[in-house]
Amino acid sequence: PAAKTALTITPERGGMITGFTLDGDEYIWTRRPNFSECNRPRFGVPVLFPSCGNPDGGVHLFDGKAYPMECHGFADLCAWEVESVGPDGVTLILESTPLTKFLYPFDFTLLVNYDLNGTTASISMTVINEGDVPMPFSFGYHPYFIASALENVDFDIKCATCSENAKGEQPAAPEKITLTRKEGADNSIRLMTGVKSPMRLTDSGSGHTVEVAFDESVFTNGVLWQQDAETFVCMEPWNGWANSVNEEGKHEVLEPDEALTSEWTITIEKV
């Protein structure tokens, strides 16, 4: 209350943040009627697991078998359960099922904790391998931030490479990262590696400032994305890449009973 902030979590809609307000001003973008549909959420702050982006051919390859996988995995399509609510926030849980194992043949538990302290929301995820074989995966997040107009948004981001295509050799990043639309394109994208924490955006139209901070050793990649004629920009911390689960040495691997915990934060301000 002292900070005049509120964080909204919707367990049944991908276990994700669906609102973050400061003094009644919303910073998270919602697409309607997508919010109440059963298809992929393209709004809020989707959780990406067990992959980021779209794997080559739309499949993951495990032990010589091909398993269909949608863009960004399936965690954002699932209803999560509330594990606990307490002074340190709310913790949600997602566990493997026969349906998830049709897509991803591993036994897992995901625990995501959301906490709010002042104007900063903290998001922590623990991935646990509940099976008896090594479990490969990547993960990330896809936050949609409200923007008055793309031309009003200024980014403060430092990274090693920046391009519009994840394939091939990645060019060195320019001194100033921008997100502009090509004529005739329906979206704009920047794919970045070696991203430094934090990433910031400032919207001169609304006065909104958003800072995304993270562990650089975990979230090594970042994505900026905007769809034409929509009032949002996405500033995304990723642990993986589009086809990284299929590429040796480019994804996480947990041994049986092993766990990995990661954390990142969103801080909102009005200037």
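Modeller: A residue counts as buried when its relative accessible area is under 20%, and as exposed when that area is over 50%. The model is predicted. Most residues other than glycine have a negative phi, and most peptide bonds are trans.

I start with phi. H72 is not a glycine, yet its phi is positive, about 75 degrees. The residue sits in the loop that runs between β6 (65-68) and β7 (81-86). The relative accessible area of H72 is 11%, so the residue is buried.

D257 also belongs here: this residue, other than glycine, has a positive phi near 70 degrees. D257 lies in the loop between β21 (252-254) and β22 (259-270). With a relative accessible area of 66%, D257 is exposed, whereas H72 is buried.

Now the peptide bonds. R32 and P33 are joined by a cis peptide bond, with omega about 10 degrees. P33 is placed in the loop between β3 (25-26) and β4 (47-48). Another cis bond leads from F49 to P50, and its omega is near 5 degrees. P50 is found in the loop between β4 and β5 (59-62).

Technical notes
Residues numbered from 1 in each chain as written. Predicted model: local features only at pLDDT ≥ 70, side-chain atom pairs only at ≥ 80, totals over all residues. Heavy atoms only, no water. Helix = DSSP H or I, 4+ residues; strand = E, 2+ residues; numbered from the N terminus. Buried < 20%, exposed > 50% of the residue type's maximum accessible area, 1.4 Å probe, protein only.
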